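Student: Please take me through one part of this model in detail. I would like a close look at how two of the chains meet.

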Amino acid sequence: TALGPAHNLPQSFLLKCLEQVRKIQADGTELQERLCATHKLCHPEELVLLGHSLGIPQAPLSSCSSQALQLTGCLGQLHSGLFLYQGLLRALAGVSSELASTVDLLQLDVKDFTTNIWQQMEDLGVAPAMQPTQGTMPAFTSAFQRRAGGVLVASNLQSFLERAYRVLRYLAGP
Amino acid sequence: ECGRIISLSGPVIRLGDPITASCIVNHTCSHVGPKSEILWKLGTEFQAGKQHSLPDGTQESTITLPHLNHSWALLACYLRWGDSLQILDQAELQAGYPPAIPYNLTCLMNLTTNNLTCQWEPGPSTHLSTNFTLKSFVSWDNCQTQKDSIPDCMPEDGQNHCSIPRKHLQLYQNVGVWVEAENVLGTSVSPQLCLIPSDVVKLEPPTLWGLDPSPEVTPPQPGCLKLRWESWRPSLYMDQKCELRHRPQLGEASWALVSPLRPKTFQHELCGLLPSTAYTLQMRCMRWPLPGHWSDWSPSLELTTAQR
Amino acid sequence: ECGRIISLSGPVIRLGDPITASCIVNHTCSHVGPKSEILWKLGTEFQAGKQHSLPDGTQESTITLPHLNHSWALLACYLRWGDSLQILDQAELQAGYPPAIPYNLTCLMNLTTNNLTCQWEPGPSTHLSTNFTLKSFVSWDNCQTQKDSIPDCMPEDGQNHCSIPRKHLQLYQNVGVWVEAENVLGTSVSPQLCLIPSDVVKLEPPTLWGLDPSPEVTPPQPGCLKLRWESWRPSLYMDQKCELRHRPQLGEASWALVSPLRPKTFQHELCGLLPSTAYTLQMRCMRWPLPGHWSDWSPSLELTTAQR
């Protein structure tokens, strides 16, 4: 059912989600700025070819589009997407000493947000019986690939969060 | 070995409790006559004990000290040997109290260090080496049940605060936290706090700037000031409300308050003030509408209103 | 994997040496046409390399940089793909120098910390991470042969001094000590010092006191001063000689020297001075007759001679 702003999500849950999205966006921007400053990897569009060869997956949010918003499906896709990004960020481990703490913080904040969504799905009784398991992650075989992967993952995550923010903003109402 | 102390009531006792100790002198202690006198020395004071012989010729002296009024003392067992006094053995006596219940436990989430720092009042001194441990766990209900464990947080020696690192925290879930105090005489546990880290974020004050006239900034009207502000950068991801207070620098006027204000603005004209008067302005912010604490007031900004 | 850099002359080279690198693009890199152009970017500057195809269709571009004039640079291999440039790989280039020979190695025995602290000059910067190690051994001859080994002393990052703990030292035996510097381009070794720790004790200055008249101390004669001194307490076990220097506070008189003096005296009358004149006095001491270094001069003591 296409839901207008009327839905059974608690306002405090939505406000927390909006705050968490902003926090993760800030973490992501920090990572992007450091990758640019430290390793001169500043433009994801220069890494499209590498992205293809590394096979970095993207997370769909089709159930969250404002034209065809499907709440349960949207929450599920939000959770799966965040869960995917947790895995991608973990695969970046060892990216470089300068970036390690930034990636760790980003991963912790994504994990917190994933937990919040899962808990809300449980409260609504729409959570799958089993927590999802992580699919195969790209294998970064060099320091450069981890850094380039960092740029691509951060850039994809920012656009994912942008779409998530729009639907959460819509659900939270004016 | 000629003799030694057997302390009956433990090396560490409660301050004020009596201590009983006995010292035995083996009959095999060759240099010693059968009826040699055993003496006790507590600190610098000699005392006699009750001395008797055991069937095998061993001499035993027992002493009961009504109450130890020092938290630490040396108790020595002497033997009179000719006209000298010989130390046979020495015991360190410690006295103190079991730990009081730690109280006033409070926690703040620090966005710079990303730690949850908790502090508490340890209560009166126990005179004994007492270890404090900050215990906590993640809970998905209001701290009735544990969802995830968190490693114990051991404060640095003598400190009554401890910081739980970000990696053990879930910022938007409940954390049950309490303090355990332990020494040789016992253990005590503080009441448990149940809090959500992101609700106890410690906000640093916002920053206030005056706006100098420039192409983009027209000079303020008489009796007005132009300023801008931004809440503490690491907290910008939080929705916040802020309040501004101002008063003329001179005189004893009380603060006037302007509230609520957005956490960030590039140009704000504050009017209704006395013309050509020097004003002191301060601002503070708070996470809102989600729960939070007020930051401290920002350092003062001094601005003078335009002349009529 | 579409392509990668194979740097032929190592990631770290001598500053000024040429660098040759090549980048290969696999023919399997599906999205890529057979004859795509490979470009290089050093820092922010694009450069073309010599490009050719290998029998298996792989494209290879080789570039030779005459000399690297930065100690650190990023070299990236790009592929022209449609109207965009795609990064295939990136290498961090480091250039610097092998370590110079450390010089001016000196050591002092510190009687407070009981460490033998040695310091040296590292020589010009190598632009590379360079580790310094203080090596030493105990010798019963003049450092020709090793009697006992001493563990390597690793200075803290960036420091050019290191302290050998007392437990590794024999204070009255020779110690052979030198510095080794190492980085990825090479190793260098300083000349070896051969010293006896107790001969290089760093003495702190003695302490000087004026003597106020009292029952035991009769007031000084006109033109005389009464004082006492004691050399630095931790060094009192050493025979020492000390020297005193004095001069009127006012005016430009040069120091007068009184030497040699015992390291400790309870009462010394210094005469031959101008009456009712304020004098500045300082003292220093040195281990003697055994070898040693002069301490610094003590802080000044101001005393005024009695009137005529």
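Tutor: Chain B and chain A bury about 1700 Å² between them, with 56% of that area on carbon and sulfur atoms; buried area here is the accessible area (1.4 Å probe) that two parts lose on being put together, summed over both. On the chain B side, B:Trp140, B:Tyr172 and B:Tyr237 lose the most area to chain A, together 40% of what that side buries. This is a predicted model, in which local features need pLDDT of at least 70 and side-chain atom pairs count only at pLDDT 80 or more, while totals for chains, interfaces and linings use all residues. Side-chain values use heavy atoms, with hydrogens and water left out; residues are numbered from 1 along each chain as its sequence is written, and chains are lettered from A and ligands numbered from 1 in the order in which they are written.

Counted by contact (heavy atoms within 4.5 Å), 17 residues of chain B meet 16 residues of chain A. Four salt bridges are found across this interface, a salt bridge being a side-chain nitrogen of Lys or Arg within 4 Å of a carboxyl oxygen of Asp or Glu. A:Asp112 forms a salt bridge with B:Arg166, where the closest N and O atoms are 3.1 Å apart. The chain B residues that touch chain A comprise nine nonpolar, four polar and four charged; Ala, Val, Leu, Ile, Met, Phe, Trp, Tyr, Cys and Pro count as nonpolar, Asp, Glu, Lys and Arg as charged, and the others, Gly among them, as polar.
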